[in-house]
Amino acid sequence: MVSVPIFVGSPRKGNTLILALEAEKALRSKGISTEIIMLNDLSIMGCQACYSCKQKGNYSCLLQDDMQRIYNLIENADGAILATPIYFGGVTAQTKLWLDRLFPYLSMDLGSLLPRKIPLACIYTQNQPDPSYFTGAMKSFEFALGLIGFSLKNRVIGYDLDTGIKPMATEYPELMKKAWQAGNDLIS
């Protein structure tokens, strides 16, 4: 069965999750198995830079925490979605921690150690009304994911959003459609 994990890097269950769930609807409508993973709910330690994952014949992480389950999901994924708010000009701490712990999939010459490219859709939310304001941070984040072995298929930016302060993502039909389309187009 085709499987797509959806990683949500928001500490709240607001606009970022709403858009991730919309992408999930599209995937499920195609019979694709999904799982929402709220990164904030996991127990994940920071990378210790021990380089255990770089020892000859080994690319697994020495740390035993919830990332072990994440590694299994990624290694068996046919695609992935990453949804995160932009905080202080970059992805959330939860999302950055997840990215840092993907270091086992990066060779010392910056090649991917994943068995195959994994199609990826990124969904971002931000308070700022200008959708281009943080695209530099998004591109930098996506570049790192590309090195690891993800292949960006779609980027959705939900802008001028702030849970509890501004209208919710559900008030913007075009944004909801873009999130749905990101899920729909992920797996051909």
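Buried means under 20% relative accessible area, exposed means over 50%, and partly exposed is anything in between, computed with a 1.4 Å probe on protein chains only. Keep that scale at hand for the tour. The model is predicted, so local features need pLDDT of at least 70 and side-chain atom pairs count only at pLDDT 80 or more, while totals for chains, interfaces and linings use all residues. Residues are numbered from 1 along each chain as its sequence is written, and side-chain values use heavy atoms, with hydrogens and water left out.

**Stop 1: D78**

Select D78, in the loop between helix 2 and strand 3; helices (H or I, at least four residues) and strands (E, at least two) are DSSP runs numbered from the N terminus. With a relative accessible area of 30%, D78 is partly exposed. Now show its contacts, meaning heavy atoms within 4.5 Å. Leaving aside neighbours within four places in sequence, D78 is in contact with M1, V2, S3, R116, P119 and I187. Look at S3 in particular: its backbone nitrogen lies 2.8 Å from a polar atom of the D78 side chain.

**Stop 2: the largest nonpolar core**

A nonpolar core here is a set of buried Ala, Val, Leu, Ile, Met, Phe, Trp, Tyr and Cys residues joined through side-chain atoms within 4.5 Å. The largest one has 31 residues, and F7, I74, W98, L102, L145 and F150 touch the most other members. Colour the elements that give two or more residues to this core: helix 2 (67-75), strand 3 (80-87), helix 3 (93-100), strand 5 (118-125), helix 4 (135-148) and strand 6 (150-158). Helix 2 provides the largest share, 5 residues.

Centre on F7 next. Not counting residues up to four places away in sequence, F7 touches I37, L39, I70, I74, A80, I81, L82, A83 and W98. Apart from this core lies another, of 23 residues, with V8, L27, I32 and A179 among them.

**Stop 3: Q94**

Move along to Q94 in helix 3. Is Q94 buried or exposed? Its relative accessible area is 19%, so Q94 is buried. Beyond residues up to four places away in sequence, Q94 touches G9, P11, L39 and N40. The side chains of Q94 and N40 are joined by a polar contact of 2.8 Å. Such a contact is a pair of N or O atoms within 3.5 Å; within protein, one must be able to donate a hydrogen and the other to accept it, and residues adjacent in sequence count only if both atoms are side-chain atoms.

**Stop 4: the pockets**

Two terms come first. On a 1 Å grid over the protein atoms alone, a cavity is a set of points where a 1.4 Å probe fits but cannot get out, and a pocket is an open set with protein on both sides within 12 Å along at least five of seven lines; lining residues have an atom within 4 Å of a point. Grid points are joined across faces, edges and corners, and a volume is the space filled by probe spheres set on the points.

Select R12, P85, Y87, L161 and D162: of the 16 residues lining the largest pocket, these are the closest to its centre. The space in this pocket is about 250 Å³. Strand 3 supplies the largest share of the lining, 3 residues.

While you are here, pick N15 in helix 1. N15 is buried, at a relative accessible area of 4%. Its contacts, not counting residues up to four places away in sequence, are T125, L161, D162, T163, M168 and A169.

For the second largest pocket, of about 170 Å³, select I157, G158, Y159, D160, L161, Y172, E174, L175 and K178. Helix 5 gives the largest share of this lining, 3 residues.

**Stop 5: P131**

P131 sits in the loop between strand 5 and helix 4, partly exposed at a relative accessible area of 31%. Leaving aside neighbours within four places in sequence, P131 is in contact with Q126, I157 and Y159.

**Stop 6: the cavity**

How many cavities of 30 Å³ or more does a search of the whole structure find? The search finds 1, and the largest cavity has a volume of about 100 Å³. To finish, select C47, Q48, C50, C53 and C61, the closest to its centre of the 15 lining residues.
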